[in-house]
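Walk me through this structure, step by step.

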Amino acid sequence: MTQAWLNRITTAVPPHDIHAAFVEFGRDTVADWHKRVLFDRMAKLSDIEHRYAIFEPGPRPRDKILDVTGFYRRGAFPSTAARMALYQPHALDLAMTAVRKLDLDPNAVTHLIVASCTGFTAPGLDFQIMRAAGLPDATQRTIVGFMGCFAAVNVLKLADQIVRADPASRVLVVNLELCSLHLQEDFQDLPKMLSFMLFADGASAALVSADPTGIALGRFQAAIIPRSHDLITWEIGNDGFEMHLSGQVPGRIRRWLPEHGVRLLPRDPPKLWAVHAGGRSILDSVQHGLCLAPDALRHSRAVLRDYGNMSSATLMFVLHSILQDTDARGGGMAMAFGPGLSVESFGFSRP
């Protein structure tokens with residue numbers, strides 16, 4: 001049977017580092033003193049130092065206008081239609097920044113798979129990337145939409161199946177998320193403010209083929225954590241996409257993994273771990289739930305620190321970090337969580 005390989009990955013983020021400005025904004029905005037103390041504590045514990053967005057923070061005080069362009073105005077946040085109007089050009093621009101770094105021969109690409117849960121348009125981002133990258137019109141295209149943080153596993157799963165079915169296939173995989181388009185004006189709702197503090201914009205591009213270089217893709221698996229379907233939701237509202245991220249998620253993962261997570265693991269203990277950097281508490285839950293060594297999730301924690309949670313692009317950043325590490329060799333395990341509460345995983349190896 002043909003072995004599919006994740007040959008290489010490139011990444012891209014917008015130019016504006018928003019994290020420090022957002023933490024400052026949150027501290028100034030939360031009115032209740034007790035909530036402000038908790039917000040400060042959670043900001044320090046987040047292990048995030050940088051997050052990037054298409055929006056440049058506006059000058060202080062940000063009591064009326066939050067960003068330089070005035071897109072976010074207190075009391076008059078934009079409609080979903082206005083947010084989607086921005087998604088089209090910015091999504092293509094950031095995605096193509098990552099695609100161009102791959103330096104592919106466009107005529108050699110046979111398939112294009114795009115994952116995104118932060119915007120919709122038709123003709124879609126897949127069509128726009130095909131044209132902008134100069135891919136043939138006959139390129140077979142697939143969109144993986146609205147699956148959330150674990151969609152990176154699904155796009156790689158599709159690419160793996162395509163290459164196994166036809167070894168001549170060369171699959172371009174793109175993950176693009178503009179989470180900053182969906183800021184909500186619920187600034188006194190502390191759980192929502194804390195979730196806003198996690199998310200960022202980012203894109204990745206990758207090539208999957210039968211060429212034996214990079215990371216060899218292994219067995220893909222999926223599972224559902226029972227009685228947890230309402231803990232992560234992502235719904236389309238009149239004022240953007242509305243996320244609910246329950247504080248119970250890390251605890252559910254921590255309790256589920258010791259009994260059920262072992263079924264997902266390969267026979268030999270993985271030397272490498274690529275876990276979706278959804279937040280410090282998520283990574284802590286995986287580490288404790290599977291009794292991993294203190295440095296096992298170092299690549300995931302570095303991505304969280306430097307970029308935050310970029311939804312479906314995040315796991316690709318972690319895999320990119322592993323590919324950049326010349327000492328990262330051997331068998332590995334990738335894992336991501338999302339609405340459901342779904343657990344998507346796959347084994348891999350780096351010779």
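Ser311 is buried, with a relative accessible area of 4%. In this predicted model, Ser311 sits in the loop between α9 (298-307) and α10. Its backbone stands out too. The phi of Ser311 is near 55°, a positive value in a residue other than glycine. Most residues other than glycine have a negative phi, and most peptide bonds are trans.

Now take Arg227. Its phi is also near 55°, again positive in a residue other than glycine. Arg227 lies in the loop between β8 and β9 (232-237). Is Arg227 buried or exposed? The cut-off for exposed is over 50% relative accessible area. Arg227 has 73% relative accessibility, so it counts as exposed.

Two peptide bonds also deserve a look. The bond from Ala122 to Pro123 is cis, with omega near -5°. Pro123 is placed in the loop between β4 and α4. A cis peptide bond also joins Gly340 and Leu341, where omega is about -10°. Leu341 belongs to the loop between β12 and β13.

Next comes the sheet. How many strands form it, and in what order? The open sheet has 9 strands, in the order β5-β4-β6-β7-β1-β8-β13-β12-β11, and the pairing is mixed. The edge strands are β5 and β11 (272-275), and each of them pairs on one side only. On average, neighbouring strands of this sheet are turned by 25° against each other, direction ignored. Strands of a sheet pair through backbone hydrogen bonds, either parallel or antiparallel.

Both kinds of pairing can be followed here. Start with the parallel one. Strand β4 (residues 111-116) runs parallel to strand β5 (residues 140-145), and 6 bridges join them. Within this pair, Val114 stands opposite Ile143 in β5. Trace the chain between the two strands. From β4 it passes through helix α4 (residues 125-132) to β5, and this β-α-β crossover is right-handed.

Then look at the antiparallel one. Strand β6 (residues 171-178) and strand β7 (residues 201-209) pair in the antiparallel sense, over 8 bridges. Here Val171 stands opposite Val208 in β7.

Helices pack on this sheet. One is α5 (residues 151-165), which touches β1 (5-12), β4, β5, β6, β7, β8 (215-224), β12 (330-338) and β13 (342-350). The direction of α5 makes about 165° with that of β4. Another is α10 (residues 314-324), which touches β1, β6, β7, β8, β11, β12 and β13. The direction of α10 makes about 110° with that of β1.

Go back to α4, the helix of the crossover. Which of its residues are buried? They are Leu125, Asp126, Gln128, Ile129 and Met130. These buried residues pack against α3, β4, β5 and β6. Just after α4, Gly134 takes a positive phi of about 75°.

Ile129 leads on to the nonpolar cores. The largest nonpolar core has 47 residues, and Ile129, Leu172, Val174 and Leu176 touch the most other members. The elements that give two or more residues to this core are α1 (19-29), α2 (33-45), α3, β4, α4, β6, α6 (190-196) and β7. Which element gives the most? That is α3, with 9 residues.

Leaving aside residues up to four places away in sequence, Leu172 touches Val99, Leu102, Leu104, Val109, His111, Leu112, Ile113, Leu135, Ala205 and Ala206. Another core lies apart from the largest one. This other core has 39 residues, among them Ile9, Val171, Leu272 and Val303.

Aromatic rings come last. A pair of aromatic rings is described by the distance of the centres and the angle of the planes. A search of the whole structure finds 16 such pairs. One of them, Phe55 with Phe71, is stacked, at 5.3 Å centre to centre and 25° between the planes. Phe55 and Phe71 are 16 residues apart, and each lies in the loop between β3 (52-53) and α3 (80-102). Phe55 is buried, and Phe71 is buried as well. Both also belong to one aromatic cluster, formed by Phe22, Phe25, Phe55, Phe71, Tyr72, Phe77 and Phe187.

Notes: Residues are numbered from 1 along each chain as its sequence is written. This is a predicted model: local features need pLDDT of at least 70, side-chain atom pairs count only at pLDDT 80 or more; totals for chains, interfaces and linings use all residues. Side-chain values use heavy atoms; hydrogens and water are left out. Two strands pair if DSSP finds at least two bridges between them. Helices (H or I, at least four residues) and strands (E, at least two) are DSSP runs, numbered from the N terminus. A crossover is right-handed if, with the strands pointing away from the viewer, the path from the first strand over the helix to the second runs clockwise. Axes are lines fitted to C-alpha atoms, for helices over the stretch in contact, and angles run from 0 to 180 degrees between N-to-C directions. Contact means heavy atoms within 4.5 Å. Rings of Phe, Tyr and Trp (its six-membered ring) pair if their centres lie within 6.5 Å; planes under 30 degrees apart count as stacked, over 60 as edge-to-face and the rest as tilted. Buried means under 20% relative accessible area, exposed over 50%, partly exposed in between (1.4 Å probe, protein chains only). A nonpolar core is a set of buried Ala, Val, Leu, Ile, Met, Phe, Trp, Tyr and Cys residues joined through side-chain atoms within 4.5 Å.
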